[in-house]
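Here is a friendly walk through one protein chain, written for someone who likes to check numbers against coordinates. Have the viewer open as you read.

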Amino acid sequence: MAIVTIARQVAALGDEIAASLSRKLGYSFVDRHQIEERIVSLGFPRNKLPKYDERKPGFFASMAKDRDEYLNYLEYAVLEAAEKSDCVIIGRGAFAILDELPNLVKFKFVAPDDIRIERLKNEFNWNEKQAQARINESSSNRKGFHKSFFNVNQEDPANYLLTLNTGLLSIEECVKVCETLVKTHVDSAKEDAGKKRAANLFKAQTLVNKLLFDCKLPVSFLHADINEDGSVVTLLGVVDSQAAADNAVDTAARIYPSVVIKSAITVVQDFKNFHA
């Protein structure tokens, strides 16, 4: 019926709530490990995941070709999960990737620092300084990750349907509130529209990945916009010649012969791909 995304502060019990909520709803649960494994299975090197996975890339990492490859694989993995079935997806910018879906329900879980510090101290046998350092590191990484990859402020409550304070609410109370909201917020019309949009967005991302990773076309920042009924795809990106832009359109048309392929690719003749 719905696609649920969970954003959370470290030690705010978001993972526990997400797992419990998925069981309560009868939805599939897509956690960080599943997303990571899918990204690796698609072709991204496992040893490079720590540079990008829910953290802001360093200066050189942000300019490397790996950065864009990671994003394309991540978007593919998240859209694939949303296209398959009703699910609960935790973290990895899923709320931003799936923002166009009418049947999307976005939650965030927070808690006061003192409560999160105590939770971390109890879980890892840390002292207060170690727990506070973990909170600061996690906050910085998640803020940088969402800004770098999606240009969104993940701390802005306007990005979510509901933010819950787990310093005041138990896991059971949070699950009950979320379950009720999912069932009341998403009606049959939103469900149908959401399924169609998820299928089309996944179709567009599949095209991007085929062009980049199977056909190995030299298009930087490649993205595909798709209209509501999936009949028109517009390619965006940067190339160094009109021939490269035309080739991208022709190749896309061969992959999806029943779809109208349009180009909004920018040609910059002195453009040099700075990706290493």
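## A buried arginine and its surroundings

Arg116 has a relative accessible area of 5%, so it counts as buried, the cut-off for that label being under 20%. Please keep in mind that this is a predicted model. Arg116 sits in helix α7, which covers residues 113-124. Which residues does Arg116 touch, leaving out those up to four places away in sequence? They are Gln9, Val10, Ala11, Ala12, Ala111 and Ile135.

## The chain as a whole

Let us step back to the overall fold. The chain contains eleven helices and eight strands. Its C-alpha trace spans about 60 × 45 × 30 Å along the principal axes.

Of the 276 residues, 49% are buried. Among contacts with a separation of 6 or more, 72% join residues 24 or more positions apart. The accessible surface of the chain is about 13,500 Å², and carbon and sulfur atoms account for 51% of that area. On the charge side, there are 36 positive and 38 negative side chains, and the centres of these two sets lie 2 Å apart.

The largest nonpolar core holds 54 residues. Within this core, the residues with the most contacts are Ile39, Tyr70, Leu74, Ile89, Leu98 and Leu235. Helix α5 (residues 65-84) is the element that gives the most to this core, contributing ten residues. There is also a second, separate core of 21 residues, and Leu21, Tyr27, Phe107 and Val186 are among its members.

Leu235 is worth a look in the viewer. Not counting residues up to four places away in sequence, Leu235 touches a set that includes Leu207, Leu211, Ala248, Val249, Ala252, Ile261 and Ile265.

## Loops and backbone angles

Most residues other than glycine have a negative phi. Leu13 has a positive phi, near 70°, and lies in the loop between β1 (3-8) and α1 (14-25). Arg92 is not a glycine either, and its phi is positive at about 60°. The loop that holds Arg92 runs between β3 (87-90) and α6 (94-97). Is Arg92 buried or exposed? Its relative accessible area is 2%, so Arg92 is buried.

## Accessibility and distances

| Residue | Relative accessible area | Class |
|---|---|---|
| Arg92 | 2% | buried |
| Arg116 | 5% | buried |
| Gln130 | 39% | partly exposed |
| Asp187 | 39% | partly exposed |

Gln130 belongs to helix α8, residues 128-150. The C-alpha atom of Gln130 is separated by 33 Å from that of Ile97, and the two residues are 33 apart along the chain.

Asp187 is placed in the loop between α9 (171-185) and α10 (188-214). How far is the C-alpha atom of Asp187 from that of Asp229, and what is their separation along the chain? The C-alpha atoms are separated by 20 Å, and the residues are 42 apart along the chain.

Technical notes. Residues numbered from 1 in each chain as written. Predicted model: local features only at pLDDT ≥ 70, side-chain atom pairs only at ≥ 80, totals over all residues. Heavy atoms only, no water. Core = buried A, V, L, I, M, F, W, Y, C linked by side-chain atoms within 4.5 Å. Buried < 20%, exposed > 50% of the residue type's maximum accessible area, 1.4 Å probe, protein only. Helix = DSSP H or I, 4+ residues; strand = E, 2+ residues; numbered from the N terminus. Contact = heavy atoms within 4.5 Å. Areas by Shrake-Rupley, 256 points an atom, 1.4 Å probe, with all protein chains shown as cover. Lys, Arg positive; Asp, Glu negative; His and termini not counted. Charge placed at Lys NZ, Arg CZ, Asp CG, Glu CD.
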